[in-house]
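Please look over the sequence and the structure shown below before reading on.

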Amino acid sequence: MKHLLVNGSLSFLCLQIFCSLSILAEPLKAISGSPKITLKSEKITLPQDSKVFTGIGSNHLNQYCLICHSCEYLNDQPALTRNMWEKEVLKMKSSYGAPIPDADVKILVEELYQKFGAPIAPKK
Ligand code: HEC
């Protein structure tokens, strides 16, 4: 009886070793046997976004805001009052590092208000 048990646990051990080896063999096969990766260049065409603002009151918007934003981005913003646009311009300067000289802030606010202005604050 004792003999059988020893034999039983020995074959169990062999089975365990065999299983571990075959588990290890799979990833090794994947590393050594996988085909070489070949990279090839692809040409893609991105959507055109070279638009600029046109008309009176566009100079400063083009000069300062389009450094980081597209026209669409600004077109999609809600209409704001002069005060709100000023806060927005100052935020672009202080928080995001927009290189807007202090002397141009007023002109920018006016251009923004003329293009995207609201006489009163928009309802939330
Ligand atoms: C140096 C880069 C930079 C410049 C220049 C810049 N912005 Fe921004 N602006 C940002 C970043 C960054 C955000 C935040 C975007 C986000 O949260 O997805 C942002 C967000 C905004 C928003 C969304 C509301 C908000 O406060 O987050 C508005 C409106 C906006 N900018 C207007 C302007 C206007 C108008 C100008 C020109 C006067 C301008 N920005 C110039 C970087 C810039």
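Which residues does Met 92 touch, not counting residues up to four places away in sequence? Met 92 touches Ala 98 and Ile 100, where two residues are in contact if their C-beta atoms, placed from the backbone, lie within 7 Å.

The model is predicted, and for this reason local features need pLDDT of at least 70 and side-chain atom pairs count only at pLDDT 80 or more, while totals for chains, interfaces and linings use all residues. Residues are numbered from 1 along each chain as its sequence is written.

**The chain.** The protein chain holds 5 helices and 0 strands, and from the N terminus on its elements run α-α-α-α-α; helices (H or I, at least four residues) and strands (E, at least two) are DSSP runs, numbered from the N terminus. Of the 124 residues in the protein chain, 10% are buried, a word used if 20 or more other C-beta atoms lie within 10 Å of a residue's own, with exposed meaning 12 or fewer and partly exposed in between, the C-beta atoms being placed from the backbone.

**The core.** The largest nonpolar core has 10 residues in all, among them Leu 61, Trp 85 and Leu 112; such a core is a set of buried Ala, Val, Leu, Ile, Met, Phe, Trp, Tyr and Cys residues joined through C-beta atoms within 7 Å.

**Helix 4.** Trp 85, Val 89 and Met 92 are buried in helix 4, and what covers its buried residues includes helix 5. Helix 4 is followed by Gly 97, whose phi is positive, near 75°.

**The ligand.** Around the ligand stand 17 residues, of which the closest are Cys 65, Cys 68, Met 92, Tyr 96 and Ala 98; a residue is near a molecule or strand if its C-beta atom, placed from the backbone, lies within 6 Å of it. Helix 4 gives the most to this shell, with 5 residues.
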